[in-house]
Amino acid sequence: MRVETVGDGTPELAVVACLHGNEPCGKTAIERVLAENPAFERPVRFIIANEEAVKEHVRSIDEDLNRSFPGDPDGSTHESRLAAELLSQVHGCDVLDLHSTRSHPEPFALVSRLNERTKRLARATGAARVVDVSYIAGGLIDQSNGVAVECGFRGTRRAERNAERVLRNFLGVMGALDTLSEEGDPELYRIFDVVEGSGYEFIGENFVRVETGETFARRDGEVLRAERPFYPILMSTDGYEDILGFQAERVGKL
Ligand SMILES: [Zn+2]
């Protein structure tokens, strides 16, 4: 794990990249910002979490780090030990956690503990959409006051640019950097169900409403039809091994 703390004092803000080693956009964004050697007006801790997985170009070494919390300093897997170390590094901090997906090209924010503080963090990302993922328990943002951002398609330049934009905006709104930034006025979605199964082709579009009876996935001769209206989120043909993605409702403005 690579940790770099900037500014004076004890950080109350942490930026985490590469919980998943095959999602390099957050690392690139952090490196671009730090390369400019800017004057930080608040201390910030930057963390490249799973460096070993980054080197191997894999999501994880032994198990999914974002499903390994709270972890154990003497745990039997690389990610179990890393999870414990990461939690101690972000203790007491508001967290921005940068990811990328196979599902959607534009940044969207994920919040697990919805409260005034995490709402502020979500607005600070500048993302147009925020998803309440409390239905999916266990990630880093479930362990701290934090927001995760899915920055775009994994491994693309666009995801890197999005991650950089999100990071600069976040640091600006949170008062860590004197830079052009603006709080967003995002739309809130809430995940209420998972679509399980493997080998499905997703034929809808994320954040585009699927009506009752509409076909949204197919496999061989079989199709999946909506039993009630929903918005697909993190839904993709090849994003996960055993699920297609999630179903959400649209709540309104955050
Ligand atoms: Zn990820």
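**View 1. Two domains of the protein chain.** The domain assignment, which is automatic or taken from a database, divides the protein chain into domain 1 (2-173) and domain 2 (190-253). The C-alpha centres of these two domains are 26 Å apart. The model is predicted, with local features requiring pLDDT of at least 70 and side-chain atom pairs counted only at pLDDT 80 or more, while totals for chains, interfaces and linings use all residues. Residues are numbered from 1 along each chain as its sequence is written, and side-chain values use heavy atoms, without hydrogens and water.

**View 2. The interface of domain 1 and domain 2.** Contact (heavy atoms within 4.5 Å) joins 13 residues of domain 1 to 14 residues of domain 2. The two domains bury about 1200 Å² between them, with 68% of this area on carbon and sulfur atoms; buried area is the accessible area (1.4 Å probe) that two parts lose on being put together, summed over both. On the side of domain 1, Arg102, Ser103 and Tyr135 lose the most area to domain 2, together 41% of what that side buries.

**View 3. Salt bridges across the interface.** Between domain 1 and domain 2 there are 2 salt bridges, each defined as a side-chain nitrogen of Lys or Arg within 4 Å of a carboxyl oxygen of Asp or Glu. A salt bridge links the side chains of Arg102 and Asp238, at 2.9 Å from N to O.

**View 4. The side of domain 1 that touches domain 2.** Strand 6 (residues 129-132), a DSSP run of E with at least two residues, gives the most to this side, with 3 residues.

Key
Helices (H or I, at least four residues) and strands (E, at least two) are DSSP runs, numbered from the N terminus.
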